[in-house]
Amino acid sequence: MRIALVATCLGDAMFPQAPRATVELLERLGHEVVFPADQTCCGQMYVNTGYLDLALPLVRHHVDVFSGAADVVVAPSGSCVGCVRHQHAMVARRGGDEELARAAEDLAARTYELSELLVDVLGVTDVGAYYPHRVIYHPTCHSLRMLRVGDKPLRLLREVRGLTLTELPDAEVCCGFGGTFAVKNAETSTAMLADKMANVLSTHAEVCTAGDTSCLMHIGGGLSRLRSGVRTVHLAEILASTEQGVTA
Amino acid sequence: MTTTDRGRGAQRSRTVELGMPTVASDPHGHLRGREPFPVAAHRALADTQLRQNLGHATRTIRAKRAAVVGEVDDWEELRRAGECLKAGVMARLPELLEQLEASVTARGGVVHWARDAQEANRIVVDLVRATGADEVVKVKSMATQETGLNEALGEAGIAALETDLAELIVQLSDDTPSHFLVPAIHRNRSEIRDIFLREMPGVDPDLTDEPRRLAMAARAHLRRKFLSARVGISGVNFAVADSGTISVVESEGNGRMCLTLPDTLITVMGVEKIVPTWSDLEVFLQLLPRSSTGERMNPYTSTWSGVTPGDGPQAFHLVLLDNGRSNVLASPDGRQALHCIRCSACLNVCPVYERTGGHAYGSIYPGPIGAVLSPQLTGIDGPDDVNASLPYASSLCGACFDACPVRIDIPHLLVQQRAAAVAAHGRPTAQDLAMRAAAAAMATPGRFSLLERAMKLGRLFGRSGRIRSVPGPGAAAWFGARDMPPPPAETFREWWARRQERS
């Protein structure tokens with residue numbers, strides 16, 4: 001299958017491991033990945049901070065870049081896909097552009113978060129990965145409650161050879177990131193992060209994984225500050241790992 | 001936090017014996033606090049006792065709710081039914097209100113219309129004065145807390161006694177409620193014992209913090225008042241338009257005392273509390289107790305229709321309160337906030353509420369629903385309006401929507417109210433300029449690549465493998481508690497380009 005990749009602005013600029021792993025994983029499974037190089041950002045931060053007018057050109061740009069790129073679009077980010085699926089058409093309609101809203105809806109219907117693409121579209125749970133570590137999974141809020149990915153990421157992780165999956169207590173509670181919330185309400189965000197980290201550390205896991213780079217940046221940033229010794233790794237990186245290692 | 005600023009203000013300028021805060025000068029009543037959410041949250045987060053009390057209470061209620069919701073096979077269908085009924089009510093609210101007025105009047109009640117909090121208070125004060133009473137008993141009512149009725153009564157020399165246990169605790173300690181359902185959720189039982197010993201006349205000096213002993217002390221205190229009060233004041237959970245039936249749902253039996261013993265009953269309801277027919281109660285009386293107290297059935301559900309000669313109050317007044325609700329109704333999306341049945345499930349599941357408590361929201365309506373309802377009721381009056389900070393008091397985690405028994409899309413309304421807050425800025429703020437600059441950088445691929453290259457300068461800060469701080473506005477808020485990895489040597493698009501060249 002020909003699959004267009006949304007690298008996500010954060011993944012492209014700060015955490016290229018996640019989109020790289022997505023490419024390697026999908027190619028290993030025999031699919032063709034294209035990266036439309038004109039892509040920038042889905043506009044989520046602007047929408048969720050209340051700047052819907054600033055998001056409108058970004059929505060238009062995203063729809064222009066991806067509409068003809070491939071039959072199926074994937075992003076290794078629950079929140080970016082959440083924005084595409086649940087907010088792009090709303091932003092377009094609010095801006096009075098019904099044509100864009102329809103195009104955004106059409107694109108949204110073909111846009112998947114990585115675990116959705118693998119399980120629902122490609123019909124695979126065993127991706128042939130090998131990752132000999134003790135891992136906990138944090139189901140990010142937008143994957144869980146906006147996209148309803150359910151246990152798809154866990155089904156993928158359970159098939160990874162060598163991996164020990166441990167349950168994270170209160171896993172479904174937000175880590176406190178929330179985009180600009182982490183800065184605008186930094187103290188409340190930190191209080192939420194403290195509880196998330198306490199739960200992470202209670203499991204004695206080596207690795208905390210999730211399907212969203214931004215939440216991992218938050219949890220990982222806190223774990224690093226504490227010098228906790230626990231690292232955060234995107235789900236795509238685990239699924240891309242094999243006994244031969246990651247070939248990026 | 002023991003009291004809010006509002007509470008402290010009340011202590012300084014207290015004129016009322018029973019000590020509720022003084023009358024709000026805002027015509028909207030208590031829909032605005034005095035400081036933005038992050039400032040109030042700063043204090044709450046540092047109050048370790050508050051944090052423990054809230055954490056314990058919300059965890060307990062969450063578990064109870066989850067258990068009783070889980071046992072209903074058609075819970076999702078019930079939620080959808082509640083959503084549809086409420087949407088139908090909002091679509092024809094004016095017509096239903098006139099129908100309610102006609103049916104209440106036909107059964108011997110008197111209906112009053114109040115534009116805002118001040119007008120509602122004036123109506124109620126005049127009605128109480130006309131009876132000659134100088135004391136009223138109240139069963140918990142969010143609407144009269146919204147209007148600041150107790151303060152208005154106090155200024156008129158009329159003492160208002162709250163009869164719900166938690167409301168009594170709040171009232172005795174000169175405090176303000178911090179939760180719809182458990183207004184003293186921020187207190188633990190030893191604090192409550194201290195309040196009773198300090199403030200309750202004639203209380204047993206050997207009172208312990210055993211819940212039963214505390215409840216019996218309150219009972220003895222209240223019973224005398226129930227028997228002597230000539231006027232009762234209530235709120236409304238549901239008002240049935242076609243029969244004129246009013247329903248109040250409570251857990252302690254104090255409601256039935258207030259609703260039946262006095263000669264005069266005055267009921268204040270927000271105009272959105274209407275349901276078209278009696279049979280619609282079937283849906284809400286299933287949704288509400290399971291969502292709020294985590295009970296299968298509500299303990300005390302009172303319903304009455306107008307006046308029954310020789311039985312119960314012989315004068316019944318219904319005050320219909322707008323206080324901004326017409327403005328909310330005018331917003332096609334925003335009106336969903338009026339669907340709220342005040343169950344407080346969204347408060348109990350909200351990770352922000354759990355950590356800051358209700359006082360941080362300023363408005364009498366806290367939590368996720370308060371964050372979308374309060375700014376809509378008051379409107380957002382410029383960038384310095386404290387209610388402009390409420391829609392941002394959420395990480396948009398979405399737990400509130402999943403818990404809401406009438407499926408209010410609170411995350412969407414939060415975003416919508418953030419847009420309203422931005423629209424009220426007038427002159428561009430620092431945040432506006434930063435967001436515009438960032439959006440401009442993202443607008444074209446060329447500029448975005450340029451930005452990525454510029455970001456690599458950040459590697460200078462991260463030579464130890466992590467960045468602990470960087471200069472610049474907003475950075476301190478992030479780096480107060482979190483590191484950041486240094487930007488990568490190669491962005492994804494650079495890697496992709498290199499790979500394409502190779503192949």
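## Contacts along the chain

In chain B, 76% of the contacts between residues at least 6 apart in sequence join residues at least 24 apart; a contact here means that two C-beta atoms, placed from the backbone, lie within 7 Å. This is a predicted model, in which local features need pLDDT of at least 70, side-chain atom pairs count only at pLDDT 80 or more, and totals for chains, interfaces and linings use all residues. Residues are numbered from 1 along each chain as its sequence is written, while chains are lettered from A and ligands numbered from 1 in the order in which they are written.

## Overall build

Chain B holds 23 helices and 10 strands (DSSP runs numbered from the N terminus: H or I of at least four residues for helices, E of at least two for strands). Its radius of gyration is 26 Å, close to the 23 Å from the globule rule for 503 residues, so chain B is as compact as a globular protein of that length. That radius is taken over C-alpha atoms, and the rule is 2.2 Å times the number of residues to the power 0.38. The C-alpha trace of chain B spans about 95 × 55 × 50 Å along its principal axes.

## Two domains

An automatic or database domain assignment gives chain B domain 1 (5-325) and domain 2 (433-502). The C-alpha centres of these two domains of chain B lie 52 Å apart.

## Meeting chain A

Turning to the partner, 48 residues of chain B are in contact with 50 residues of chain A. Elements giving two or more residues to this side of chain B include α2 (37-46), α19 (410-423) and α23 (492-502).
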